[in-house]
Amino acid sequence: MTVLAILLIVLPWSIWRQMHARPVTVEGLVKLPLIFAVVAAVFALTSKPSEVTAAVIAYNAACAVLAIGFGAWRGQRLSIWDVDGTPMQRGNRVTMTTWVLMIALKIALGTVASVTGWIPAEGAGAILAFLALTFAIQNLVVARRTVWAPGSREIRATT
């Protein structure tokens, strides 16, 4: 139930937030992936460990490729502009489209794996780690385009 609440409240809020203009800060880029990673770690550490098989490794590798690929794509396609020396970001149609595609592919991949019996049902920790990874990659790309870009001022640590 807890993971369902997270997925039905925090994930849509996170996506909604991306669709509105906001300053790019190091704190802002780190906060969301870190929250998802910490919650994923808590779920992983408090859950019964699943058996590690070649199928589970292949499935997790495919999920990681999906998270990394779509995170990089979104990070590259977010609208970025400068307001008085402060980089700003906002999602656009491409951002929303990549979220819908990634979620649909993740559901399809999980459904195929579960229905065929390749892997047992995916745990909450794995789903949250997937989200942490995709947000982290997206934000690394945004950081590279803004706060770490050649010619940018010092890394902005706060809002």
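Biologist: Where is the place of Asp-84 in this chain?

Modeller: Asp-84 sits in the loop between β2 and β3. Those labels come from DSSP runs numbered from the N terminus: helices are H or I over at least four residues, and strands are E over at least two. Before we go on, remember that this is a predicted model, where local features need pLDDT of at least 70, side-chain atom pairs count only at pLDDT 80 or more, and totals for chains, interfaces and linings use all residues. Residues are numbered from 1 along each chain as its sequence is written, and side-chain values use heavy atoms, leaving out hydrogens and water.

Biologist: Okay, so is Asp-84 buried or exposed?

Modeller: The scale is relative accessible area: under 20% is buried, over 50% is exposed, and in between is partly exposed (1.4 Å probe, protein chains only). Asp-84 comes out at 78%, so it's exposed. Its phi is near 50 degrees, a positive value in a residue other than glycine.

Biologist: Which strands form the hairpin around that turn?

Modeller: In general, strands of a sheet pair through backbone hydrogen bonds, either parallel or antiparallel. To call two strands paired, DSSP must find at least two bridges between them. Here β2 and β3 make the hairpin, with two residues between them. Their pairing is antiparallel and runs over five bridges. Check out Val-83, which stands opposite Thr-86 in β3.

Biologist: What is the order of strands in the sheet?

Modeller: The order is β1-β3-β2, in an open sheet with antiparallel pairing. β1 (22-23) and β2 (79-83) are at the edges, and each has a single partner strand, so one side of each has no neighbour in the sheet. β1 is joined to β3 (residues 86-90) by two bridges, again antiparallel. That's where you'll find Pro-23 opposite Met-88.

Biologist: Now the helices. Which residues of α2 are buried?

Modeller: An α-helix has 3.6 residues a turn, so residues three or four places apart point the same way. In α2, the buried ones are Leu-29, Leu-32, Pro-33, Phe-36, Ala-40 and Phe-43.

Biologist: At what angle do α2 and α5 cross?

Modeller: For α2 and α5 the angle is roughly 160 degrees, and the axes come within 8 Å. That makes α2 and α5 roughly antiparallel, a label for angles over 145 degrees. α4 and α5 pack at about 150 degrees, with axes 13 Å apart. So α4 and α5 are roughly antiparallel too.

Biologist: Which residues touch the most other members of the largest nonpolar core?

Modeller: A nonpolar core is a set of buried Ala, Val, Leu, Ile, Met, Phe, Trp, Tyr and Cys residues joined through side-chain atoms within 4.5 Å. The largest one here has 23 residues, and Phe-36, Trp-99, Leu-128, Phe-130 and Leu-131 touch the most other members. At least two of its residues come from each of α1 (2-18), α2 (26-46), α3 (54-77), α4 (93-116) and α5 (124-145). There's also another core apart from that one, with six residues including Val-24, Leu-78, Ala-143 and Val-147.

Notes. Axes are lines fitted to C-alpha atoms, for helices over the stretch in contact, and angles run from 0 to 180 degrees between N-to-C directions. Angles under 35 degrees count as roughly parallel, over 145 as roughly antiparallel, 65 to 115 as roughly perpendicular and the rest as oblique.
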